[in-house]
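I opened the model to look up a few things and to write down what I found. These are my notes, kept in the order in which I worked.

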Amino acid sequence: PVYDVAGTVAVLGTVSSPDLQAYFLEVARYDQENPQWIPASLPATQPVTDGVLAEWITTLVPDGIYRLRLRVQLRTGAVLTDEVGPLRVANALERPAGEAPAPTPTLAPPPRLENTLPVPVGGQVAYFADATIAQMQSAGMTWVKWQIPFIIGETNLINVARDRIAWSHNAGFNVLLSITGEVDELRDLGEAYYPAFAEFLGQVAALGPDAIEVWNEMNIDREWPAGRISARSYVAMLRQAHAAIKAADPNVLVIAGAPAPTGFFGGCSNAGCDDGDYYWNLANNGVTDYADCIGVHYNEGILPPSQRGGDPRDNYPTRYFPLMVNRAAAPFRGTDIPLCFTEIGYLSPEGYGPLPPAFAWGSGTSVQEQAEWLRDAIRLAADFTNTRIALMIVFNLDFDRYDSDPQAGYAIIRPDGSC
């Protein structure tokens, strides 16, 4: 049988594992061969027995047939799921006279915040559980960052953005959405892709985020089509995105996507580009006309952020925080555009085990050093005399992936819940 649902639905059940880390609801179209699951509730961390696990606001998805899944993350790294369906979301059905339709969710207003740190600081999250929120507030963070994909034809993604904006504002944080598209779609459509991407960003901007980062790491072929990598093509896309965002809400901060820190390419070509050269090419192609801030990533340090040399790997500038700042800022001297670190993090394997070979350079960093270096980098960020740093986003707070891409090693909330 197919069950009809509408409005806000209380989802009942039991989650009681002793190793529980977090759980949340996900929803996907029922007719998808490979379901694209979209979070439908905030993560929760407290066990529930025969009670309300979460509320599903069905008005955030178009009417249709769906499957609903409970996803449970254990501290051991295991993931448990349980799925129900088919469920018909039927908010637009004809209703008897006098029966009101399910209400449309209202937009959450941005909070009024006072920053108490040397520069505004936030964190990138995966789960945003209550414990994470409390630790962010205790640390003085005022921003939260989410990554949102854009996939042509996936209309539910606008609801994903709306949810994250609402969750962030209701918890008392400004919200940065970093939005990237599918490399294959960009490759196939070329410049015809830009208007579709811009339209989506305009729709997201109308929901009231505080900042949008337009793409990221577009200097490498993991994030931009191989053979077409160039700052000129990125700025052409950014120009349309900027116009759409500002037309929807001129107060949304537009952040130019942060290049990946690298010296692998030995310069620039359409196959890939070192970030130092890419920053210069962004400047030469007029990026400051279409951005309020220049995005920067720093994620390969193994020394205190005050150091400018001594890395046992080599003395490439991306190893050192002060040199990374100068590298990103140099092309924009003489302008008033600031830098926004949309990712800054230090990798530590403590609590997880050995790092994979490609990340073995981080093996000697302790969690204590991770915390101290992040603290010191934030302090240093306020002291640069010729560079303004407007925002620092810690990568990351609560990721739990630890495999060939050990993102959990960057997390400042460790497996035992300590921070």
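This is a predicted model: local features need pLDDT of at least 70, side-chain atom pairs count only at pLDDT 80 or more; totals for chains, interfaces and linings use all residues.

**Entry 1: helix 2 and helix 4.** I began with the pair formed by helix 2, residues 157–170, and helix 4. Helix 4 covers 193–205. I found that the two axes come within 10 Å and cross at roughly 35°. I logged the crossing of helix 2 past helix 4 as right-handed. On the helix 2 side I listed Leu157, Ile158, Ala161 and Ile165, which meet Phe200, Gln203 and Val204 of helix 4. Sorted by class, this contact has six nonpolar residues, one polar and no charged.

**Entry 2: Gly208.** Which residues does Gly208 contact, leaving aside its neighbours within four places in sequence? I found Ile165, His169 and Asp249. Ile165 had already come up in the contact of helix 2 with helix 4. I also checked Gly208 against Ala108, which is 100 residues apart from it along the chain, and the C-alpha atoms are separated by 8.0 Å.

**Entry 3: helix 5 and helix 6.** Next I took helix 5 (residues 231–248) and helix 6 (residues 275–284), whose axes come within 9 Å. Are these helices roughly parallel or oblique to each other? The axes cross at roughly 50°, and helix 5 and helix 6 are therefore oblique to each other. I recorded a right-handed crossing of helix 5 past helix 6. From helix 5 the contact uses Ala231, Tyr234 and Val235, and from helix 6 it uses Tyr278, Asn281 and Leu282. The class count for helix 5 with helix 6 is five nonpolar, one polar and no charged residues.

**Entry 4: helix 6 and helix 7.** I stayed with helix 6 and looked at helix 7, residues 321–329. Their axes come within 8 Å and cross at roughly 30°. That angle makes helix 6 roughly parallel to helix 7. I wrote down Asp275, Gly276 and Tyr279 for helix 6, with Met324, Arg327 and Ala328 for helix 7. Here the classes are three nonpolar, one polar and two charged.

**Entry 5: cis peptide bonds.** I turned to the backbone and looked up omega. Gly85 and Pro86 are joined by a cis peptide bond, with omega about 5°. I placed Pro86 in strand 7, residues 79–89. The bond from Phe395 to Asn396 is also cis, and omega there is near 0°. I located Asn396 in the segment after strand 17 (389–394).

**Entry 6: Phe128.** I looked up phi for Phe128 and found it near 60°, a positive value in a residue other than glycine. Where does Phe128 lie? I placed Phe128 in the loop between strand 8 (121–124) and helix 1 (130–139).

**Entry 7: cavities.** Last, I searched the whole structure for cavities. How many of 30 Å³ or more does the search find? It finds one. I noted about 40 Å³ of space in the largest cavity. The lining residues I listed are Thr132, Gln135, Met136, Ala139, Met141, Leu397, Ile412, Ile413 and Cys419. By class, the lining has seven nonpolar residues, two polar and no charged.

Notes: Residues are numbered from 1 along each chain as its sequence is written. Side-chain values use heavy atoms; hydrogens and water are left out. On a 1 Å grid over the protein atoms alone, a cavity is a set of points where a 1.4 Å probe fits but cannot get out, and a pocket is an open set with protein on both sides within 12 Å along at least five of seven lines; lining residues have an atom within 4 Å of a point. Grid points are joined across faces, edges and corners, and a volume is the space filled by probe spheres set on the points. Ala, Val, Leu, Ile, Met, Phe, Trp, Tyr, Cys and Pro count as nonpolar, Asp, Glu, Lys and Arg as charged, and the others, Gly among them, as polar. Axes are lines fitted to C-alpha atoms, for helices over the stretch in contact, and angles run from 0 to 180 degrees between N-to-C directions. Helices (H or I, at least four residues) and strands (E, at least two) are DSSP runs, numbered from the N terminus. Angles under 35 degrees count as roughly parallel, over 145 as roughly antiparallel, 65 to 115 as roughly perpendicular and the rest as oblique. A crossing is left-handed if the near helix is turned anticlockwise from the far one by less than a right angle, and right-handed if clockwise. Contact means heavy atoms within 4.5 Å.
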